[in-house]
Amino acid sequence: MGTTGLVIEFARTAGANGGIFKELIDRMEAAGGINRDVHLHCVYAIFDPELLKFIMQQMCEEAGVNILFHTFIEGAAMEDNTITGVIVVNKSGRQTLSSGVVIDCTGDGDVAVNAGADYRKGNDLTHSMQAMTLRIRIGGVNMLPVDWPEINARFEQERQKGINHFPEHVTKWLDAGGKGLHNERTFNLDMIMNADATNAWELSIAETEARKRVWEFISFAKNNIPGWENCYVIDTASHIGVRETRRIMGKYMLTEQEVRNAEKFSDGIARGSFGMDLHDPTEIAASPDPEDMEKHRKRTSPPPGEWYEIPYRCLIPVTVEAKPIQGLLTAGRCISADRRAGGSVRIMITCINTGQAAGIAAAESIRTKSPLDKLDGISLRLKLIQQQAEI
Ligand SMILES: Cc1cc2nc3c(=O)[nH]c(=O)nc-3n(C[C@H](O)[C@H](O)[C@H](O)COP(=O)(O)OP(=O)(O)OC[C@H]3O[C@@H](n4cnc5c(N)ncnc54)[C@H](O)[C@@H]3O)c2cc1C
């Protein structure tokens, strides 16, 4: 999402001061592509997404990673309850890539689902999922002070007349974007409600509709926002932003209460402290009042200065019979958490930290020939500490 999705802000959380994430942002800083001096409660740093692509590519190359772009995973190669690789499709055709361990970082848990993992999707009762947003970067904006309540009211009037097609609850939020690294404006409104990003047709319709809404907003902005008369779209994300789909059930499921109570675990492999941020009209986070949203995040965070930990067991997918799938880990927003805890885990720094832990576990499993679910979580934690991860 930080590259193809144009999500150009790392949200503020515990766990930012170490490990691969710190290496990444130190490199970004040395290259002049990140600003950590943002002074916003919920934002840790804003960055240049083009530079992020390049730095991550460099880090992969230096680590000896074989990068295979333009490749889609369509299935899991299985031998009984063990995953032995992934089935991919690309310009070379269909192939099976074998692997000692597979780490599913697809956000949607595509591999784990193909391997037979149990999962939950969105709201447990209604299965509705958080809003999707096509992120954009807008140039040509003169940063004059703007009377946002007045502008929001005009945008809402246009919505009522059918001139724009934004969901009602977000038309009072036009200032919800932010400033990019190069003074461009970004735009983070909840554009598409009630769509399922694991359904290819719904995903495509969502992206098509969102693109229309981007241009509705630009047309409105040129005519209504002082200083925005000459604004233009620098770029729209090449993939609509997906906040929520499947949560892959693991040996352990992190819960809302554990996030609130700043729970610690002996096999804790990553920490987080962001509020449980759910862009869903049934949750107060989607309230029309931006202040409510800020209060909501604070209310749903661990106590100030505290953090919760994510147990290693949340990365080990299980079947509906609660049997671990051998050779498979998850990392990122699809790890095992209840819906609200997932609303905190899903921010990028926390996702990156779970990725580092999964990588260490995979290497240890292969080196010691131990099944992933038999690895000692405490020694994984120690290895992370040796790698200067903040845990
Ligand atoms: C609009 C929006 C705003 C957000 N704002 C913030 C913010 O301000 N700060 C913050 O920290 N977080 C924010 N988030 C949350 C954060 O960006 C995501 O939750 C996080 O990036 C998820 O990381 P991930 O690695 O799990 O998944 P992703 O970043 O989605 O990466 C998944 C990758 O897997 C690939 N993939 C998926 N399926 C397949 C397949 N079958 N085969 C091959 N490849 C596949 C995708 O192309 C993608 O490259 C925002 C999210 C959205 C959508």
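Start at the ligand. One of its nitrogen atoms sits 2.8 Å from an N or O atom in the side chain of Asp-110. Keep in mind that this is a predicted model.

Now the backbone side. An oxygen atom of the ligand lies 2.5 Å from a backbone N or O atom of Arg-346. Then Met-348: a polar backbone atom there is 2.9 Å from a ligand oxygen.

How many residues surround the ligand? The count is 24. Asp-110 and Arg-346 are among the closest, along with Met-1, Glu-9 and Ile-73.

Next, the helices. H9 covers residues 348-368, and H10 covers 377-386. Their axes come within 10 Å and cross at roughly 115°. The crossing is right-handed. Which residues make the contact? From H9, they are Gln-356, Ala-357, Ile-360, Ala-361 and Glu-364. From H10, they are Leu-380, Lys-383 and Leu-384. By class, that is five nonpolar residues, two charged and one polar.

Last, confidence. The chain has an average pLDDT of 94. At least 70 is reached by 97% of the residues.

Terms used:
Residues are numbered from 1 along each chain as its sequence is written. This is a predicted model: local features need pLDDT of at least 70, side-chain atom pairs count only at pLDDT 80 or more; totals for chains, interfaces and linings use all residues. Side-chain values use heavy atoms; hydrogens and water are left out. Axes are lines fitted to C-alpha atoms, for helices over the stretch in contact, and angles run from 0 to 180 degrees between N-to-C directions. Helices (H or I, at least four residues) and strands (E, at least two) are DSSP runs, numbered from the N terminus. A crossing is left-handed if the near helix is turned anticlockwise from the far one by less than a right angle, and right-handed if clockwise. Contact means heavy atoms within 4.5 Å. Ala, Val, Leu, Ile, Met, Phe, Trp, Tyr, Cys and Pro count as nonpolar, Asp, Glu, Lys and Arg as charged, and the others, Gly among them, as polar. pLDDT is the predictor's confidence in each residue, from 0 to 100. A residue is near a molecule or strand if one of its heavy atoms lies within 4 Å of it. A polar contact is a pair of N or O atoms within 3.5 Å; within protein, one must be able to donate a hydrogen and the other to accept it, and residues adjacent in sequence count only if both atoms are side-chain atoms.
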